[in-house]
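Here's a quick briefing on who pairs with whom and what sits inside. Have the viewer open as you read.

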Amino acid sequence: MSYVDEVLELVRKKNASEPEFLQAVDEVLNSLRPVIEANEELYKREAILERIIEPERQIKFRVPWVDDKGQVQVNTGYRVQFNSAIGPYKGGLRLHPSVNTGIIKFLGFEQIFKNSLTGLPIGGGKGGADFDPKGKSDREVMAFCQSFITELYKYIGADTDVPAGDIGTGAREIGYMYGQYKRLTGLYEGVLTGKGLTYGGSLARTEATGYGLLYFTDEMLKSNGKSLEGKTVVVSGAGNVATYAIQKAWQLGAKPVTCSDSTGWIYDPDGIDVATLIEVKQVKRARLTEYKAMRPNAEYHEGKGVWTVKCDVALPCATQNELDLDDAKALVANGCFAVAEGANMPTTMEATKYFQENGVLFAPGKASNAGGVATSALEMSQNSERLSWTFEEVDSKLKNIMINIFHNADEAAKKYGCPGDYVAGANIAGFEKVVTAMLAQGVV
């Protein structure tokens, strides 16, 4: 049995109740086979794979808070500090009812390689809670966030672990968390990213993941003799990633025609109007039925269906495993030639394989959606220097980072005999940097 297979068997035994984590490890380790087989004796002796799949630290804690009716509520908080070989732990805090240990571990494991790909000195971590901010008052959200940070603050710091936003954790939540951290520690430091612009936040951070996704996609298409100009794009999601992916798609000459939320989706034949989408989702915090009311030409559909729309490029920007094999078949049948992930692992393994077998250019999230964490690291740099860069400066650095990520993944794929396989290329490029650091630092 090969070293990879030995470790995969070990992971399945130890983490049988964590399907998302198993899926992430399976995808990464299988795509790393060429580089692991080339160094099998060394990696096995140093137990590199066993060390990289086991978090350095896992924190799980109770989060009690009081709702507006005076009732005490209790949620579970998590922080998984996965790998600090190349820098302090960095990764978002997800607030969603689906959050559990397995999901946080899957996200943290992916974050190791994503952060490595940015070229910036940040390790991999992730956290969150099974709290749903939807439908909660500002006071209730504040009560939860203050309780959450009252426990988590013991384990984070500007040079230790720097959390950020994720699903359910926007500027409001980060603000409440940062205020409580500062109150408890007396420190005004860059311990959380995604902060407001008046207290250490970075311009372009809100737009970064969506913009970065399009910079990566554009470079991938150019390198394969194609272009975004005049192309029809379908997008899932209606949060920051989807919204700013739609905005940048317009700017690069494409026409984005869909978006979605947890209850339904919009098809707008005139192209998604970004101002209307922002008004509905960010200002009113409403459902997409409101978009339809404001844009009569648009169609609103209940449930799932974005991937049935004819398109050239598909950008899944909602949540994990939202695009399955049937969706992949529909996209290919409709002429889609490129898929780039804006969310974390939104495409199932079967769908990814189908795209690759059918000649679709496929960009994995750890590469194509790395713009958010890259800009978070740029925010850390600005905080350390007590400086604030212009939007143009940050956007320019972001664009260069995303272009470099594409070429690093492209070159790694070619080096190990799988040209055009950007899943393998991204995993290999991210893995090699982390492993070099781990070997240099000894058995820790």
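Aspartate 327 is buried, at a relative accessible area of 12%, in what is a predicted model. Its salt-bridge partner is lysine 304, at 2.7 Å from N to O, and that lysine is exposed, with a relative accessible area of 53%. Aspartate 327 belongs to helix α13 (residues 325-333) while lysine 304 sits in the loop between β10 and β11 (313-315), so this pair ties together parts 23 residues apart in sequence.

- Overall, the structure holds 26 salt bridges.
- Lysine 105 and glutamate 18 form one of them, with their side chains meeting at 2.9 Å, N to O.
- That pair links distant parts of the chain, 87 residues apart: lysine 105 is in helix α6 (residues 101-117), and glutamate 18 is in the loop between α1 (3-14) and α2 (19-31).
- Both ends count as buried: lysine 105 has a relative accessible area of 4%, and glutamate 18 has 12%.
- Arginine 295 and aspartate 268 also meet in a salt bridge, at 3.1 Å from N to O.
- Here it's loop to loop: arginine 295 lies between α12 (289-294) and β10 (299-302), and aspartate 268 between β9 (264-267) and α11 (274-283), so the bridge ties together parts 27 residues apart in sequence.
- Arginine 295 is partly exposed at 21% relative accessibility, whereas aspartate 268 is buried at 1%.

**Asparagine 427 and its surroundings**

- Asparagine 427 lies in helix α18 and is buried, with a relative accessible area of 0%.
- Its side chain makes a polar contact of 2.8 Å with the side chain of lysine 366.
- Lys366 also belongs to a network with Glu27 and Glu110, joined by salt bridges that share partners.
- Leaving out residues up to four places away in sequence, asparagine 427 touches Glu27, Val28, Ser31, Leu32, Phe113 and Lys366.

**Nonpolar cores**

- The largest nonpolar core has 98 residues, and those with the most contacts inside it include Leu29, Ile36, Phe109, Leu315 and Phe431.
- Helix α18 (residues 422-440) gives the most to this core, with 9 residues.
- Phenylalanine 431 is in contact with Leu32, Val35, Ile36, Tyr43, Ile48, Leu49, Ile52 and Phe113, leaving aside neighbours within four places in sequence.
- Another core, of 22 residues, lies apart from the largest one, and among its members are Leu95, Ala129, Val141 and Ile174.

Notes
Residues are numbered from 1 along each chain as its sequence is written. This is a predicted model: local features need pLDDT of at least 70, side-chain atom pairs count only at pLDDT 80 or more; totals for chains, interfaces and linings use all residues. Side-chain values use heavy atoms; hydrogens and water are left out. A nonpolar core is a set of buried Ala, Val, Leu, Ile, Met, Phe, Trp, Tyr and Cys residues joined through side-chain atoms within 4.5 Å. Buried means under 20% relative accessible area, exposed over 50%, partly exposed in between (1.4 Å probe, protein chains only). Helices (H or I, at least four residues) and strands (E, at least two) are DSSP runs, numbered from the N terminus. Contact means heavy atoms within 4.5 Å. A polar contact is a pair of N or O atoms within 3.5 Å; within protein, one must be able to donate a hydrogen and the other to accept it, and residues adjacent in sequence count only if both atoms are side-chain atoms. A salt bridge is a side-chain nitrogen of Lys or Arg within 4 Å of a carboxyl oxygen of Asp or Glu.
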